[in-house]
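Dear colleague,

Please find below the structure that I am handing over to you.

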Amino acid sequence: MSLFKNQPLKIYNSITKTKELFVPVTEGSVGMYVCGPTVYSNVHLGNVRTFMSFDMVFRYLNHLEYKVRYVRNITDAGHMEDDADEGEDKIAKKARIEKIEPMEVVQRYTLDFHGILEKLNNLPPSIEPTATGHIIEQIEIIKDIVAKGLAYEINGSVYFDVLKYNETKEYGVLSGRKIEDAVHNTRLLDGQSEKKNPQDFALWKKASPQHIMRWSSPWGVGFPGWHLECTAMSTKYLGEKFDIHGGGMDLKFPHHECEIAQAEACNGQSPVNFWMHANMLTLNGQKMSKSTRNNILPGEIFSGENKVLSKPFSPSVVRFFMMQAHYRSILDFSSEALEASEKGYNKLVEALKTLESVQVSQTSSFVVQDWENDCYSAMNDDFNTPILIANLFEAVKHINLLKDGKATLTQIDLDLFTKTLHAFVYDVLGLVTETTEQSSDKLEGVVNMLINMRKQARDNKDWAMSDHIRDELKALGIQLKDNKEGTTFIVE
RNA sequence: GGCGUUGUGGCCGAGUGGCUAGGCAGCGGUCUGCAAAACCGUGUACAGCGGUUCGAAUCCGCUCGACGCCUCCA
């Protein structure tokens with residue numbers, strides 16, 4: 001029997017604002033779509049948090065033995081930079097500045113994106129479609145919406161008629177916005193627009209002469225609107241009704257709201273059962289953003305090259321740090337918080353090593369099943385990774401007691417304990433216990449030689465020499481650890 | 001201005017109408033030549049003011065603060 005059959009999973013649905021029991025459209029299978037990045041510059045850490053959150057969701061669904069199709073797009077056609085502008089998109093602009101082909105920009109930053117996510121141990125999605133690869137599908141959808149009278153063409157551009165749509169459907173179901181308010185609030189700003197109403201959004205934009213990324217369409221040469229690609233690709237690969245749609249909180253409006261309208265317009269039904277939104281990662285209490293320069297690149301964390309950091313941190317520590325907060329909470333980034341996470345993470349890793357050498361007993365002094373249930377309960381409650389991690393630290397406590405002979409486990413219980421622990425740490429949270437000691441054989445040989453020399457000095461009660469070796473190594477970032485079995489070292 | 005989120009002990013960060021979240025730091029202890037590391041033990045905090053309740057940090061109202069969206073943004 002598949003694991004999901006006895007694990008009732010609850011997911012917070014943004015559209016109903018409640019936790020609901022997760023029941024997929026097709027039993028045993030899950031279709032999940034997550035809005036991917038616009039590849040016009042390096043992904044910053046904030047972007048990464050969203051993708052990591054959904055990577056965790058993907059991993060847990062897989063762990064529950066669902067057959068998951070995870071689709072995450074690459075936006076390579078570029079979003080409009082400014083609606084009032086002449087239709088220059090972000091990728092084209094960057095390309096002109098750097099005097100290179102738009103697809104060169106796309107290629108460069110797609111590689112960067114993949115590299116970073118891989119370092120952070122994110123699983124690749126099942127399908128990673130690109131916007132430029134689905135222009136035909138997007139044009140088909142526009143034709144459909146125009147045919148249904150919910151979009152209009154003007155000067156070679158096509159706009160979605162929000163007011164018309166609102167006559168029979170409800171625009172604003174996700175974000176809780178009232179269309180009347182929107183009318184009120186945007187009237188002043190709108191003067192020269194060719195749109196019928198300010199809240200109408202573009203499905204197709206006419207390309208200005210200098211616009212490089214362009215395609216032919218029934219309405220002339222142009223490029224697709226910025227909300228359409230997700231509707232086209234999610235429908236193509238997951239169908240008109242699928243299980244989970246994810247993205248960052250900031251995409252709720254207008255992006256996801258428009259997606260709902262587009263899908264309702266052409267398919268006559270709401271496209272998604274569960275809307276999930278990951279919250280922002282802040283820096284100095286403010287949202288990370290490229291435009292305000294309030295951001296940090298993942299690469300800078302791994303190398304330590306950023307003035308907000310006291311030292312470099314490994315990808316696993318970054319991942320652990322993020323998993324210690326719930327995906328729907330705002331998480332504030334700081335060097336101190338990462339340092340605290342690093343220590344906690346190391347403690348967990350040490351315990352996992354210790355577990356390998358635990359002795360088996362005739363009886364068990366604690367109930368492994370109870371602990372296991374706690375782990376599942378945490379994850380089943382809207383992917384509560386902080387609680388899961390708290391349970392992991394309970395396990396650490398047990399492991400240390402086992403090591404000291406103050407707790408016991410039978411072979412069967414120990415196997416279950418190890419299997420469950422590994423499943424949650426490696427498979428679900430996606431933490432890698434990389435050997436942080438990046439010590440080469442040569443370094444290890446040299447340090448071990450010094451350790452031996454120090455041991456001789458200590459045997460001779462030559463504390464001056466012994467402490468000298470210890471202090472010098474410490475200054476080089478090599479910390480000696482004395483314990484009963486002897487001395488080991490770690491490279492800090 | 002509109003929509004929405006949020007305010008937890010030194011720090012990070014869960015959660016809940018009554019029962020120890022957890023991590024880091026601190027403190028005490030074990031260990032050690034001394035340390036470090038490791039391990040064990042240790043914290044009654046929930047912005048303010050009212051209200052509901054036998055009981056609220058948890059529900060309601062107000063005040064103050066923070067943040068997000070309303071323009072591309074994970």
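Three strands form an open sheet of mixed pairing, in the order S12-S11-S13. Two strands count as paired if DSSP finds at least two bridges between them, and helices (H or I, at least four residues) and strands (E, at least two) are DSSP runs numbered from the N terminus. Strand S12 (286–287) and strand S13 (331–333) are the edge strands, each pairing on one side only. Strand S11 (residues 281–283) runs parallel to S13 and is joined to S13 by three bridges. Within S13, Asp332 is the bridge partner of Thr282. In general, strands of a sheet pair through backbone hydrogen bonds, either parallel or antiparallel.

Please note that this is a predicted model, in which local features need pLDDT of at least 70, side-chain atom pairs count only at pLDDT 80 or more, and totals for chains, interfaces and linings use all residues. Residues are numbered from 1 along each chain as its sequence is written, chains are lettered from A and ligands numbered from 1 in the order in which they are written, and side-chain values use heavy atoms, with hydrogens and water left out.

Chain A is divided into domain 1 (3–278), domain 2 (282–428) and domain 3 (441–491); these bounds come from an automatic or database domain assignment. The C-alpha centres of domain 2 and domain 3 are 30 Å apart.

A polar side-chain atom of Ser329 lies 2.9 Å from a phosphate oxygen of RNA strand B.

Finally, Asp382 lies in the loop between helix H12 (368–380) and H13. Asp382 is buried, with a relative accessible area of 0% (buried means under 20%, exposed over 50%, partly exposed in between, with a 1.4 Å probe and protein chains only).

Yours sincerely

Notes
Polar contact = N/O pair within 3.5 Å; in protein donor to acceptor, adjacent residues only side chain to side chain.
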